[in-house]
Amino acid sequence: MSLATTTSRVPRFDRVERVAHWTTATLMLVLLFTGFSLYAGPLSDLVGRRLLVQTIHVYAGLLLPIPVLVAVALRAGAQLRADLGRLNRWSADDRAWWSRKKRAAVQLGKFNPGQKLNATFIGAAMVVMLMTGAIMRWYEPFSDSWRQGATFVHDWFAIGLLFAIIGHIAIALRDPDAVNGMARGWVSPGWARRNRPRWYAELSDAGVVGDPVGDARARVEQNRREAGMGAGEVPVVDGVDGGAGDGLGEREL
Amino acid sequence: VTPERGTPIGRRVFLALVGLGAAGVVFGARVQDRLATALAPIQAKDPSGLASLLPFGRFRFYTVTGGFPKRDPDVYTLRVDGLVERPFTISYRDLTALPPTRITRDFQCVTGWRVPDTRWTGVQLRTLLDRAGVKPSARAVRFVSFDGTYTESLTLDQARRSDVLVAYELEGEPLSSLHGGPARLYVAPMYGYKSCKWLERIELTADVVPGYWEQYGYDVDGWVGRSNGRDDQPT
């Protein structure tokens, strides 16, 4: 592995966010697969073992909200909480983004409106699926009409989720930089400036990116992390000597 | 540069969707019934079969055991015994060689879903009862599934109705394992749970023996629209 990099890295999602994302994604895929094999006749015949599939589906469903809830509650979940706030708020630019004509002039923040809508829908769908799924599974106290209604809602939200997730993956695959943001946690400065100018500007103002010293500092840390080095062992990157008494070597990771 | 601000649209959309879901639980049954009626003609004519995946007007498959039991028609047999003069066992080939009866009716489940105009082919149950010679002491008929768990019952009068079949075809196709094949009971005027799938044995009894679901509170006389506290259109 090369320790030197020519481009700096803009931190996008921290470790807590990434772990929450990928565990939720894994559970969601298990739920989609088991759910559709319970639902679609030919698939359910193929899968057999219906009781097992049903049990997996119920447990995966109960676990689904846990990663995000735990991450939000953690002290280390500060960035996730801030990002949930960003997903909630729609700026004038966000609204203009939906118009093809105005889109070129739009200055987006950390998330584009499609991501905001997707996150909102999936979050709400998780609540609805949990609620209706619980009525279907523990049906004794509920009337037939409610059970039928719960099944109906569970079915339609499942179809909605299927399309939302297929769309999410398809759009992500067209943008390797964005995938990198969720896979490894960082994006290139070029991507951030082009696609998320307002967010990039915020990071610059905060000194996270943009200034050479800060960039170098981020790079040193990143490289040290990749090399699996402990504090105090600092590689030389791009002519910046991290060990030259500037204090970088003593920083906690 | 000003940081991101804006209206909390995310929260509003989130709450609206959760509210929509809750409303769907309360009113969904009514909406679904209307949609099923409105879309039945489209689904019937859809050559791709994709419309049948939409969540109304389609069968849902239940089993009370771990899976869908399979039995090859070549080895499938149906036994008629209990309070009869001449107990017998009939093969799939001999069963399907008997004079067939065709019935087209809606199929209604007690949990709410309904499939319009299902086309069944089978042998009238009373043909088999007559062949076995029902003893005067018999008052009811018990059905046993080869899934090893499920049972059902009818009174003798109900069992003698012309719209009660031992069915072996659905929509002109041999009955698949999912649908309860090679042969199952089809009680047209009653909720689906009365139509015992994977039928293996028909036993004449002195009294009605409550079936699997009836031990969990479903009505023994499962007339569509007149039982289980439901008001569906009779089938």
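Me: Is A:Phe13 buried or exposed?
Reply: This is a predicted model, in which local features need pLDDT of at least 70 and side-chain atom pairs count only at pLDDT 80 or more, while totals for chains, interfaces and linings use all residues. Residues are numbered from 1 along each chain as its sequence is written, chains are lettered from A and ligands numbered from 1 in the order in which they are written, and side-chain values use heavy atoms, with hydrogens and water left out. A residue is called buried under 20% relative accessible area, exposed over 50% and partly exposed in between, with a 1.4 Å probe and protein chains only. Because the relative accessible area of A:Phe13 is 11%, this residue is buried.

Me: How do the rings of A:Phe13 and A:Phe111 pair?
Reply: Rings of Phe, Tyr and Trp (its six-membered ring) pair if their centres lie within 6.5 Å, and planes under 30 degrees apart count as stacked, over 60 as edge-to-face and the rest as tilted. Over all chains, a search of the whole structure finds 14 aromatic pairs. In the pair of A:Phe13 and A:Phe111 the centres are 6.2 Å apart and the planes stand at 25°, so the pair is stacked.

Me: How many residues apart in sequence are the parts that the pair of A:Phe13 and A:Phe111 ties together?
Reply: Helices (H or I, at least four residues) and strands (E, at least two) are DSSP runs, numbered from the N terminus. A:Phe13 lies in the loop between β1 (10-11) and α1 (15-39) of chain A, and A:Phe111 in the loop between α7 (100-103) and α8 (113-137) of chain A, so the separation in sequence of the parts tied together is 98 residues.

Me: What is the relative accessible area of A:Arg198, which forms a salt bridge with A:Asp93?
Reply: A salt bridge is a side-chain nitrogen of Lys or Arg within 4 Å of a carboxyl oxygen of Asp or Glu, and the side chains of A:Asp93 and A:Arg198 meet in one at 2.5 Å, N to O. This pair links distant parts of the chain, 105 residues apart, with A:Asp93 in helix α6 (residues 92-97) and A:Arg198 in helix α12 (residues 197-205) of chain A. A:Asp93 is buried, at 18%, and A:Arg198 is also buried, with a relative accessible area of 16%.

Me: Which helix of chain A holds A:Asp94, the salt-bridge partner of A:Lys116?
Reply: The side chains of A:Lys116 and A:Asp94 meet in a salt bridge of 2.5 Å, N to O. The two residues are 22 residues apart, A:Lys116 being in helix α8 of chain A and A:Asp94 in helix α6.

Me: How far apart in space are B:Arg160 and B:Gln124, C-alpha to C-alpha?
Reply: B:Arg160 forms a salt bridge with B:Asp130, whose closest N and O atoms are 3.0 Å apart. B:Asp130 lies in helix α3 (residues 125-132) of chain B and B:Arg160 in the loop between α4 (156-159) and β7 (164-170), so the pair ties together parts that are 30 residues apart in sequence. B:Arg160 counts as partly exposed, at 30% relative accessibility. B:Arg160 and B:Gln124 are 36 residues apart in sequence, and their C-alpha distance is 8.3 Å.

Me: Where does B:Pro182 lie?
Reply: The secondary structure of chain B comes to four helices and ten strands. The peptide bond from B:Gly181 to B:Pro182 is cis, with omega near 5°. B:Pro182 itself lies in chain B, in the loop between β8 (173-174) and β9 (184-187).

Me: What is the relative accessible area of B:Trp198?
Reply: B:Trp198 has a positive phi of about 50° although it is not a glycine, and this residue is found in the loop between β9 and β10 (199-205) of chain B. B:Glu171 likewise has a positive phi, of about 55°, without being a glycine, and is partly exposed with a relative accessible area of 36%. B:Trp198 is buried, with a relative accessible area of 2%.

Me: Which residues gather in a patch of positive charge on the surface?
Reply: Patches are made of residues with over 30% relative accessible area and no salt bridge, like charges being joined within 9 Å and nonpolar side chains (Val, Leu, Ile, Met, Phe, Trp, Tyr) within 5 Å, and the areas come from the Shrake-Rupley method with a 1.4 Å probe, where for residues only the protein chains shown count as cover. Lys and Arg count as positive and Asp and Glu as negative, His and the chain ends not being counted, and the charge is placed at NZ of Lys, CZ of Arg, CG of Asp or CD of Glu. One member, B:Arg12, is exposed with a relative accessible area of 51%. The patch of positive charge is made by A:Arg89, A:Arg95, B:Arg11 and B:Arg12.
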